[in-house]
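Please look over the sequence and the model, and then follow the sections below.

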Amino acid sequence: MKTLYSLSIILVLSFTMVSFEKNESDKKTLITKNAFANFNDSETKVSNTILNDFFRRYSDLKKYKSDVLSLYKSRSFGTIWYDEGQINEFASVLYEKAKKTDNLTIPYQKEIDQLFDSSETKLSKTDADMLLSSLYIVYTKKSNSDSKKLSYDAMLKDFLNYSTIEEASATTVKDDKDLFDQYYKLQGVLKQYKKLDRSNKWKPIVTETPYKELRPDAVSNTISQVRTRLYLLGDLKHDSKSDVYDRELMDAVMKYKVRNGFKPNYILAEEHIKEMNIPIADKVKTLTLNMERCRSISSLIVNSDEYVLVNVPSYELYYVKNGKVVLTSSVFVGSPLTKTTIFNAEIDRIVFSPYWTVPQSIVDNELKLKIAADPNYLADHNMEMVNGQVRQKPGPENSLGLVKFMFPNPDDIYMHDTPSKTLFDFEKRTFSHGCVNVKMAKELAIAMLKDYPEWTSEKIDKAMAGKTENSFKLSKKVPIYITYFTSWVNDKGEIGFYQDIYEKDNELNVLPSPQEPIVAN
């Protein structure tokens, strides 16, 4: 299995379906919609007649016919080694690897060489693609000579989503089973964005100066440009070219805003145009960077049947159980000066109606002056001094709310409820001193305690009455991953791009700053 894996990494494939040229022996073509409909491409299929004619003319490859046929059949007879009418980069990887393989005889090497040199080839795209598919079979057989049985099609399917030359040439990559599934979701979007980048359809949105917020029923040339942008991104099914901010565009704007973490309304402010004007090539960089973050996340998440994941840039929490997202909640996190630490740990306790022992740094920097100015400050805020430390008593106004989730860590941060529910209405939610504040904290506690029958809904309500602290130790610790993904694909397959609030992307020197809208003269 190890041999098959390394080979598949070498032969990472990009199966974007593009048009075959019409073959002289078969003029009939079938047009179908592309799998990524929001990029508005089409593909041309070919019949078995073309394949049979190919193997008649290239008789030395007849023994590979069934294997090659299987590759095309499972892909609806679309091309494998062509993108946008050109030989793709993965065909080049295959070609270079095959040439460097000792004692490998390449059938029809002269014809294949012509595909990669500067001279004009007389081969049709169908012939060229099938020659390369045959080369793939020949190379794979040679590289896996110690294997009794190979499934070429399965190997391609398993590694279908790898999408860069760097990945194709990599020799040290985590085993497929050890990669966080978000990696493959991002990878699928990366293919779409690369294709969109190559299409040259991504044009800057030009606005009037000074910019005025656009609202429903507005009429503007900017509206028609936004409409085209949202059509390319898949938020609109059709591009009417209309410059009127109508109901159809309202729905698309709302979809765009929700998936990108903006406040859900119909106003198109200047910041939204700036985000839409970020070059597609920069979006590709963002996706690639976050795929690498998936590599760095602990492989334990792959084998966890239950975990909590907090994504700081999107201000969201996911509770996953048995492979399904059971609960999603908004959160707010640490400010840029008191950043929430990115790490993983294990939740071992749930504490209801907790005390809050105020960190000494907060006492020194904030409370001392308030206490000095108002001798009743502690009593008025339900606080007390215990053993030289300030703590806040349980209650609905406690800064930790009515429940907290404990996971031992050197930074002494945790996850908890909050009485400040209105803060979740803000678009940018960096308000805490580092802890994660959860909007649906009670619902999370209920979901996590479903396997503990003694914790009925009545008992949880009583424990959260805010009178007496009640700590429950979990018999099974729940992993928690506090992550930093500036792009994320949700369960609906929708991609979201989020602000780099702690400038961690910029630290890696891979992302540009947001682009200003281009102003019309």
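Helices in this report are DSSP runs of H or I with at least four residues, and strands are runs of E with at least two, both numbered from the N terminus. The model described here is a predicted one.

## The chain as a whole

The chain contains 18 helices and 20 strands. It has 521 residues, and 50% of them count as buried. Among contacts between residues at least 6 apart in sequence, 68% join residues at least 24 apart.

Lys-125 belongs to helix α6. Its relative accessible area is 19%, and because the cut-off for buried is under 20%, Lys-125 counts as buried. Trp-81 is 44 residues from Lys-125 in sequence, while the two C-alpha atoms are 9.4 Å apart in space.

Two packed helices are described by the angle between their axes and the distance between the axes. For α3 and α6, the axes come within 10 Å and cross at roughly 120°. The crossing in which α3 passes α6 is right-handed. On the α3 side, the residues in contact are Asp-67, Val-68, Leu-71 and Tyr-72. They meet Asp-129, Met-130, Ser-133, Ser-134, Tyr-136, Ile-137 and Lys-141 of α6. By class, this contact consists of six nonpolar, two polar and three charged residues.

## Helix α2 and what covers it

Helix α2 spans residues 48-57, and its buried residues include Ile-50, Leu-51, Asp-53, Phe-54 and Phe-55. Which helices are among the elements that cover the buried residues of α2? They include α3, residues 65-73, and α6, residues 125-143.

An α-helix has 3.6 residues a turn, so residues three or four places apart point the same way. In α2, Ile-50, Phe-54 and other residues named above are buried.

## Helix α9 and the residue after it

Helix α9 runs over residues 182-199 and has 18 residues. From its first C-alpha to its last, α9 reaches 26 Å, close to the 26 Å expected at 1.5 Å a residue. Is α9 largely enclosed or largely open to the outside? Of its 18 residues, 14 are buried, so α9 is largely enclosed by the rest of the structure.

Just after α9, Asn-200 adopts a positive phi of about 60°.

## Strand β5

Val-206 lies in strand β5, which covers residues 206-207. The relative accessibility of Val-206 is 29%, so this residue counts as partly exposed. Ile-273 is 67 residues away from Val-206 along the chain, and their C-alpha atoms are separated by 9.1 Å.

Strands β11, residues 383-386, and β12, residues 389-392, pair in the antiparallel sense over four bridges. Glu-384 has Arg-391 in β12 as its bridge partner, and Val-386 stands opposite Gln-389 in β12. The two strands form a hairpin with two residues between them. In the turn, Asn-387 has a positive phi of about 55°.

How values were computed. Residues numbered from 1 in each chain as written. Predicted model: local features only at pLDDT ≥ 70, side-chain atom pairs only at ≥ 80, totals over all residues. Heavy atoms only, no water. Buried < 20%, exposed > 50% of the residue type's maximum accessible area, 1.4 Å probe, protein only. Contact = heavy atoms within 4.5 Å. Expected span 1.5 Å × (residues − 1). Pairing = 2+ DSSP bridges. Axes fitted to C-alpha atoms, helices over the stretch in contact; angles between N-to-C directions. Left-handed = near helix turned anticlockwise from the far one by under 90°. Nonpolar A, V, L, I, M, F, W, Y, C, P; charged D, E, K, R; others polar.
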